[in-house]
Amino acid sequence: MTQSAEAEAALTGVRNFRDVGGLPTLDGRRVRPGVLYRSGHLAHATEEDAAFLGGLGLHTIFDFRNSADQALEGPDVALPGVRNVHIPLTDPADGAEFWTMVRDGELDQLRAALADGQAAGRMISSYRAIIKGRTEEHGRLLQALAEDSVPALMHCAAGKDRAGLSVAVTLLALGVRQEAIEADYLESNSPHRRYKVRRSDKSEAGMSPEVMELLAPLFDARPTYLAAAFDTITELWGDVDTYLSQGLGLTAATRERLQGRMLEDS
C-alpha cells in the first residue's frame, strides 16, 4: 500500500481524501507530495481523523461549500493552528429547489428533472458556470497559495466538483498535463471515495435501482464534465496562459512563486 493509500485508509469520517503530489508537469517536473490535498467535507471527521489531519502540517483548509451546504452537513472540524478559508463557489439559492427534489422527490419528479441526459447536462452547465463566473474566487485562491497557504487542503461537499475544479485550476497554473489532471479527477469515482447520497425517509421511492440510475450523473466524475471546463477556458480566453493571466489576474511572478512552492525541483 502506498503512503497516500495508507493515509486515506486511516480516515473513517472523511471521504475522497488524497494527496495530489507526483502529478507530472509539461516541463518535466512533478507536484511536490504533501503540499496539496483534496477531500470531501470535514464535518463528520472523527477524533482519529482530526488527529491524522492535524499531523499533515496544514497551513490552510479551503472550503468551497456554500452556506446551505454547511448548514446541511455542519462546519468543518477545527484543527489547531490551521487556518480555515471559506470561498463558496456556488450560491446557496442556486438549485436549492432542485437539491431538495433530489433528496425528497418521488420517482415521477426525478424522471422529469433528470432523465434523458438532463442530469449530465446540468453538471456540464455547472462546470462551465464555475469556470466562467468564479474567476475572482479562483484568482484569490491561487494568490493565497503563492503567498503562504501551503500545505493546503481543498474540499467542498463531495470533493468532486467545486473542489475538483479548484484543484484542476491550481494544477493548470502549476503546468500539470491535462491528461494527468483528468486522471486525478476521475479518482473520485472509486467506490470507497464516492459521496454517500442522502435520500429522505419521507420519499417512497427511496434509493431504488431506478432512482440510483437517475441520480448517478450528479455524483459521478465524468470526463465530459471536466472537458466542458477546459473547453470553456479555450472558448473564452483562447488558451490556459491567457486564462490564468487575464481571467484570474495571475502575474508571471506570482505563477513562478506558486510553482516554486508546490513543484519539486527539476
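Mentor: Arginine 255 sits in helix H13 (residues 252-262); helices (H or I, at least four residues) and strands (E, at least two) are DSSP runs numbered from the N terminus. The model is predicted: local features need pLDDT of at least 70, side-chain atom pairs count only at pLDDT 80 or more, and totals for chains, interfaces and linings use all residues. Residues are numbered from 1 along each chain as its sequence is written, and side-chain values use heavy atoms, with hydrogens and water left out.

Arginine 255 counts as buried, at 18% relative accessibility (buried is under 20% relative accessible area, exposed over 50%, partly exposed in between; 1.4 Å probe, protein chains only). Setting aside neighbours within four places in sequence, arginine 255 contacts Leu172, Ala173, Gly175, Asp241, Leu244 and Leu250 (contact: heavy atoms within 4.5 Å).

Now the cores. The largest nonpolar core has 63 residues (buried Ala, Val, Leu, Ile, Met, Phe, Trp, Tyr and Cys joined through side-chain atoms within 4.5 Å). Phe62, Phe64, Leu142, Leu145, Leu171 and Leu218 have the most contacts inside it. Helix H8 (residues 162-174) gives the most to this core, 9 residues. Another core, of 15 residues, lies apart from the largest one and includes Leu11, Ala50, Val77 and Leu153.

Last, the rings. Phe17, Tyr37 and Phe52 form one aromatic cluster. Phenylalanine 17 is buried at 2% relative accessibility, and tyrosine 37 is buried at 8%.

Definitions and conventions: Rings of Phe, Tyr and Trp (its six-membered ring) pair if their centres lie within 6.5 Å; planes under 30 degrees apart count as stacked, over 60 as edge-to-face and the rest as tilted.
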